[in-house]
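Morning, everyone. I'd like to walk you through one model, its ligand and its pockets.

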Amino acid sequence: MVDFAPVGTTQQALIRLNIIPRDQHCISRKNISDGALKVMSRLRSGGYQAYLVGGAVRDLLLGGHPKDFDIATDATPEAVTDLFRNSRIIGRRFRIVHVRFGREIIEVTTFRGHHDSGEENQPETGGNHSRQSASGLLLRDNVYGTLEEDAARRDLTVNALYYDSGKFEVFDHVQGLQDLKDRSVRIIGDPEQRYTEDPVRMLRVVRFAAKLSFRINPETAAAIPRCAHLLGEIPAARLFDEFLKLFLAGYAAATLDKMLEFDLLRYLFPDTSRYIEQDEQSLALVKAAMGNTDLRIAQGKPVTPAFILAALLWPVVEAHFRRLEEQGEPPMPAMHSAGQIAIQDTVNHMSIPRRFSQPMREIWEFQLRLQRRTGRKAAELIEHRRFRAAYDFLLLREQAGESTGELGQWWTDLQELSPEQRLEKVAGSNDNRKRPKRTRTRRPNPAP
Ligand code: ATP
Ligand code: MG
């Protein structure tokens, strides 16, 4: 079953090719999308190598259903676009090709090589393929290479398995199959060096450990505290992309636990991470938001980053709100400014697109409007396009132990009435608890 072929130049002592034939693995072409099979077959007909790689092979071997299919090839991005009309090159730091089949996008990546290899195998991109910062961070990774080199530059051993859909074989250069069996997340190569090249790999380690319920290999884990500070160098937009993968993929609660275990949340949400260290209620709120999001995803319901971001930043917003109110600002302007400050502080290191920050602020400001229980205006709030999210958010605060004067139940009851009954209720409610007294314990201010 095993065919060893020594390969490689530089760091590759660990590279040994293990080829697993079709009768010794569980991958079937039936479970691979037609688009991915077409891309691989056309690349092969064009004289190129083409393999399914990454999460798809990993998830197929684990018996799951991949969410997308990535292909690795020795064809350059330009050669790939020549073969597929429905394709385009994207990315600059890391150029890949997107081939579109209806709604499905197949990502085609040219084998990456070592950064110390010469430029002779680097056609058509006009030089400047590889760039590294003074600290060793890879700023550009467009040096092409061989299949073996490509396997070695991937992040985790379980993400570096290749499937040949022509010969039905699985290629394993880094003992990924063994790690899959051992349910272990392990960085390929020297962890410290690989995190230094790309600190986002630390987030990927905790994400896959949470997603797959795998343990983390001890060396892979031990280097994280030494390298975590390097996450401060990651561009804000890339951190936001990573945030989406961490918390909007159906396993946010488990991911949060791992992020806290390795003290990585602070690189995405520094203020929040200080509050949740000191205040149980803040932690409960964030955990409740993660749990609810996972549940909604499992039930096939839509989720928005705005809601989970609103929850993650709520402890910060609330502290600013309280401070501004104490300084004499009326509630609504205070909430408006508090939201603005919390968002501004966050986007300094992790971007939040306006299409999400705007609804976040509306959810926060709505928390004040929901305190009003009298008058026609109160009844009309139910019709507001942001009501549902704001009401869910109120329930979440209560779920986390925040005392709101049973406001959630009041709005739940109101929604069950007809429009006429609602008007009666808000007219009749002789409610002097417009702004429920805060009975919750004060949150400590975050350490500077
Ligand atoms: P998912 O199920 O989340 O899509 P995935 O493993 O396919 O998981 P992608 O982000 O789609 O993850 O990346 C595809 C593959 O590219 C990975 O499996 C891995 O081999 C490689 N890869 C992605 N990001 C990195 C990185 N930062 N460093 C090295 N290799 C990476
Ligand atoms: Mg993928």
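I'll take the ligand site, then the pockets.

This is a predicted model: local features need pLDDT of at least 70, side-chain atom pairs count only at pLDDT 80 or more, and totals for chains, interfaces and linings use all residues. Residues are numbered from 1 along each chain as its sequence is written, chains are lettered from A and ligands numbered from 1 in the order written, and side-chain values use heavy atoms, without hydrogens and water.

Ligand 1 has 18 residues around it, each with a heavy atom within 4 Å. K67, R154, D198, R201 and R204 are the closest. By class, that shell holds 1 nonpolar, 3 polar and 14 charged residues. Asp, Glu, Lys and Arg count as charged; Ala, Val, Leu, Ile, Met, Phe, Trp, Tyr, Cys and Pro as nonpolar; the others, Gly among them, as polar.

Now the nitrogen atoms of ligand 1. One is 2.8 Å from a side-chain N or O atom of D198. For the side chain of R201, the distance is 2.8 Å. A backbone N or O atom of D155 lies 3.1 Å from a ligand nitrogen.

Which helix gives the largest share of the shell around ligand 1? Helix 7, with 5 residues.

On to volumes. The largest pocket holds about 1600 Å³ of space. Of its 46 lining residues, D70, E107, R204, E242 and K245 are the closest to its centre.

The second largest pocket has a volume of about 490 Å³. Its lining has 10 nonpolar, 5 polar and 6 charged residues. Helix 17 gives the largest share of that lining, 6 residues.

Definitions and conventions. A polar contact is a pair of N or O atoms within 3.5 Å; within protein, one must be able to donate a hydrogen and the other to accept it, and residues adjacent in sequence count only if both atoms are side-chain atoms. Helices (H or I, at least four residues) and strands (E, at least two) are DSSP runs, numbered from the N terminus. On a 1 Å grid over the protein atoms alone, a cavity is a set of points where a 1.4 Å probe fits but cannot get out, and a pocket is an open set with protein on both sides within 12 Å along at least five of seven lines; lining residues have an atom within 4 Å of a point. Grid points are joined across faces, edges and corners, and a volume is the space filled by probe spheres set on the points.
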